[in-house]
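Biologist: I would like to go through this model label by label. For each term, tell me what value backs it.

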Amino acid sequence: MKKIIFITALLLLSASSMAEEPFWLGADISGTTELEARGVQLRNAQGEERENTALMKELGLNAVRYRVWVNPKDGLCSKEDVLKMALRAKALGMAIMIDFHYSDWWADPAKQNIPEAWKGMSYKQMCKALAKHTKETLQLLKDNGVDVKWVQVGNETTDGFLWDVGRASTNMKQYAGLTKAGYNAVKKVYEDAAVIVHVDCGCDIKRYNFIFDGLKKYGTKWDMIGMSVYPYWDQDTGLETDWQGTVRDFAYNIRVLGRKYNCPLMVVETGVEAKKPVEGKVIMKAIIDASKNRTDGFCKGVFYWAPEAEGHYPLGAFQNHRPTAIMEAFTEASE
């Protein structure tokens, strides 16, 4: 009997340890193949040549995020292109997040354009097209041995997506229905993947209450709330007067939202000003620390958006194709 009890205790201890996940430190590196197509060579801080995924791993990251466009003109961020990048992450043992934009190009709070091939569809037809695209993309990954841990159904859907069919402010019911179609499609391929609904401006809880109260009203499920946290844009738009305000408010909002909706959250996008790397490192350390230690366990990770981006985008984390001190915040957090 004692032997049986001992073995049972060991099994329970093993199951408990297996259930414990690391705090996820990630980056959206969807631009990797575009950089390669342009002949850009990334290097680590010591000047040694590195492929982008391997460089992220070297910097201490344990997860990556890839966006998917429906029919991109240049093929970049198509499902085939995403598979190419995801296989690299798989080989390095990194967890993978897939971010469906449900557009042929960028989708964000300012634009949620219907893919060209879906224009003119009825709401019901669009639900079917969205589900088909979601399932086909994920099935391609699964057929090639790629495990997907998280899936975003839409990108920064602060006012829904697929405008005007799924614009939340004018037709919350259809936005909820389209989201439900995506949720169900994900589960048909990756039953255990966490489905994320993603909203911008983590410092502004009103946006989250609007979207998630609406989804709840119409019986739409989600597994995790995705949040964008950008002190730079919060100050630019007047939502905050300093970066400390963003850090204080997003951490508070995660605690409130986690309890209200009884689900985990993730900072799926963040970034700081690349031309101020010393200050940027301080801010990123504060964002990571707040996510880990000031959210009552509701926040499960932090993803930097396009750290390798330079020139055209102010919130990357590289200079001269090498990581700046900003990325040291991730390296130090991983130790």
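Modeller: Start with a helix pair. The crossing of α4 and α5 is right-handed. Keep in mind that the model is predicted.

Biologist: What makes the crossing of α4 and α5 right-handed rather than left-handed?

Modeller: The label goes to a near helix turned clockwise from the far one by less than a right angle. Helix α4 (residues 79–91) and helix α5 (residues 123–143) pack at an angle of about 30°. Their axes are 10 Å apart. The crossing is classed as right-handed.

Biologist: Which residues make the contact of α4 with α5?

Modeller: From α4 come Lys 79, Glu 80, Leu 83 and Ala 86. From α5 come Glu 136, Thr 137, Leu 140 and Leu 141. By class, the contact has 4 nonpolar, 1 polar and 3 charged residues.

Biologist: Which residues of α5 are buried, and what covers them?

Modeller: Buried means under 20% relative accessible area. In α5 that label goes to Met 126, Cys 127, Ala 129, Leu 130, His 133, Thr 134, Thr 137, Leu 138 and Leu 141. The cover includes β4, α4, β5, β6, β7 and α6 (172–189). Gly 145 follows α5, with a positive phi near 80°.

Biologist: How do you know that the span of α9 agrees with its number of residues?

Modeller: Helix α9 (residues 243–261) has 19 residues, which at 1.5 Å a residue should span 27 Å. The end C-alpha atoms of α9 are 27 Å apart, so the two agree.

Biologist: What covers the buried residues of α9?

Modeller: The cover includes α7 (205–217), β10 (224–229), α8 (231–236), β11 (265–270), α10 (277–293) and β12 (299–305). Among the buried residues of α9 are Trp 243, Asp 249, Phe 250, Asn 253 and Tyr 261.

Biologist: Now the strands. In what order do the strands close into a barrel?

Modeller: 8 strands close in the order β1-β4-β5-β6-β9-β10-β11-β12, with parallel pairing. Neighbouring strands of this sheet are turned by 25° against each other on average, direction ignored.

Biologist: Why is β1 called paired with β4 and with β12?

Modeller: Pairing needs at least two bridges. Strand β1 (residues 24–28) has 3 bridges to strand β4 (residues 63–68), and the two run parallel. 5 bridges join β1 to β12, again parallel. Both counts meet the cut-off, so both pairings stand. Asp 28 stands opposite Arg 65 in β4 and opposite Trp 305 in β12.

Biologist: Why is β1 called largely enclosed?

Modeller: Because 5 of the 5 residues of β1 are buried. Trp 24, Gly 26 and Asp 28 are on one side, with Leu 25 and Ala 27 on the other. Both faces are covered.

Biologist: Why is Thr 157 called buried?

Modeller: The relative accessible area of Thr 157 is 0%. The cut-off is under 20%, so Thr 157 is buried. Thr 157 lies in the loop between β6 (150–153) and β7 (160–161). Residues touching Thr 157 include Gln 112, Tyr 175, His 198 and Ile 211.

Biologist: Cys 201 and His 321 have positive phi values without being glycine. Is each buried or partly exposed?

Modeller: Cys 201 has a phi of about 50° and lies in the loop between β9 (194–199) and α7. A relative accessible area of 15% is under 20%, so Cys 201 is buried. His 321 has a phi near 65° and is found in the loop between β13 (318–319) and β14 (322–323). At 31%, His 321 falls between 20% and 50%, so the label is partly exposed.

Biologist: What makes the peptide bond from Trp 163 to Asp 164 cis?

Modeller: Omega is near 0° there, and the bond is cis. Asp 164 is found in the loop between β7 and β8 (166–167).

Terms used. Residues are numbered from 1 along each chain as its sequence is written. This is a predicted model: local features need pLDDT of at least 70, side-chain atom pairs count only at pLDDT 80 or more; totals for chains, interfaces and linings use all residues. Side-chain values use heavy atoms; hydrogens and water are left out. Axes are lines fitted to C-alpha atoms, for helices over the stretch in contact, and angles run from 0 to 180 degrees between N-to-C directions. Helices (H or I, at least four residues) and strands (E, at least two) are DSSP runs, numbered from the N terminus. Contact means heavy atoms within 4.5 Å. Ala, Val, Leu, Ile, Met, Phe, Trp, Tyr, Cys and Pro count as nonpolar, Asp, Glu, Lys and Arg as charged, and the others, Gly among them, as polar. Buried means under 20% relative accessible area, exposed over 50%, partly exposed in between (1.4 Å probe, protein chains only). The expected span of a helix is 1.5 Å times one less than its number of residues. Lists of a residue's contacts leave out its neighbours within four places in sequence.
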